[in-house]
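Here is a short briefing on one protein model. Please look over the sequence and the structure first.

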Amino acid sequence: MDCPPNHWSKIRTTNGIERIFREVRKRLRPIGVFSNQASCERIAYSVVYRLNKYWEDNPIKEFTQKN
């Protein structure tokens, strides 16, 4: 919690990569069985792509250098 207290509400985890792994697991576990490795990779890619697009379109103002 080295960040200022007013940033705490925006931080959900101390590790952004952990957040991505949690989202991928949340999507992959209900499916259970995949027909091949490529189908699993497509789902994992789509989850990461969606998160990346969301973060690009909705940056946290306090953590950007844009005016």
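Helices here are DSSP runs of H or I with at least four residues, strands are E runs of at least two, and both are numbered from the N terminus. This is a predicted model: local features need pLDDT of at least 70, side-chain atom pairs count only at pLDDT 80 or more, and totals for chains, interfaces and linings use all residues. Residues are numbered from 1 along each chain as its sequence is written, and side-chain values use heavy atoms, with hydrogens and water left out.

**Overall**

- The protein has 2 helices and 0 strands.
- Of its 67 residues, 12% are buried.
- The accessible surface comes to about 6000 Å², and carbon and sulfur atoms hold 53% of that. Areas come from the Shrake-Rupley method with a 1.4 Å probe; for residues, only the protein chains shown count as cover.
- Among contacts with a separation of 6 or more, 47% join residues 24 or more positions apart. Contact means heavy atoms within 4.5 Å.

**Helix 2: span and buried face**

- The 21 residues of helix 2 should span 30 Å at 1.5 Å a residue, and the end C-alpha atoms are 30 Å apart, which agrees. The expected span is 1.5 Å times one less than the number of residues.
- S39, V47 and L51 are the buried residues of helix 2.
- Seen down the helix axis, these buried residues fall within an arc of 115°, so they line one face of helix 2. The arc is taken from the directions between the helix axis and the C-beta atoms.
- Helix 1 (16–28) is included in what covers the buried residues of helix 2.

**E23 in helix 1**

- E23 lies in helix 1.
- E23 counts as buried, at 8% relative accessibility.
- Leaving aside neighbours within four places in sequence, E23 is in contact with V47, R50 and L51.

**The N-terminal end of helix 2**

- N36 caps the N-terminal end of helix 2: one of its side-chain oxygens lies 3.2 Å from the backbone nitrogen of A38.
- S39 sits in helix 2, which covers residues 37–57. S39 is buried, with a relative accessible area of 11%.
- A polar atom of the S39 side chain lies 2.7 Å from the backbone oxygen of N36.
- Q37 also lies in helix 2. At 59% relative accessibility, Q37 counts as exposed.
- The side chains of Q37 and E41 make a polar contact (2.7 Å). A polar contact is a pair of N or O atoms within 3.5 Å; within protein, one must be able to donate a hydrogen and the other to accept it, and residues adjacent in sequence count only if both atoms are side-chain atoms.

**Aromatic pair**

- The structure holds 1 aromatic pair.
- The ring centres of Y45 and Y49 are 6.1 Å apart and their planes are at 25°, so the pair is stacked. Rings of Phe, Tyr and Trp (its six-membered ring) pair if their centres lie within 6.5 Å; planes under 30 degrees apart count as stacked, over 60 as edge-to-face and the rest as tilted.
- Y45 and Y49 are 4 residues apart in helix 2, so about one helical turn separates them.
- Y45 counts as exposed at 57% relative accessibility, and Y49 counts as partly exposed at 48%.

Key: Buried < 20%, exposed > 50% of the residue type's maximum accessible area, 1.4 Å probe, protein only.
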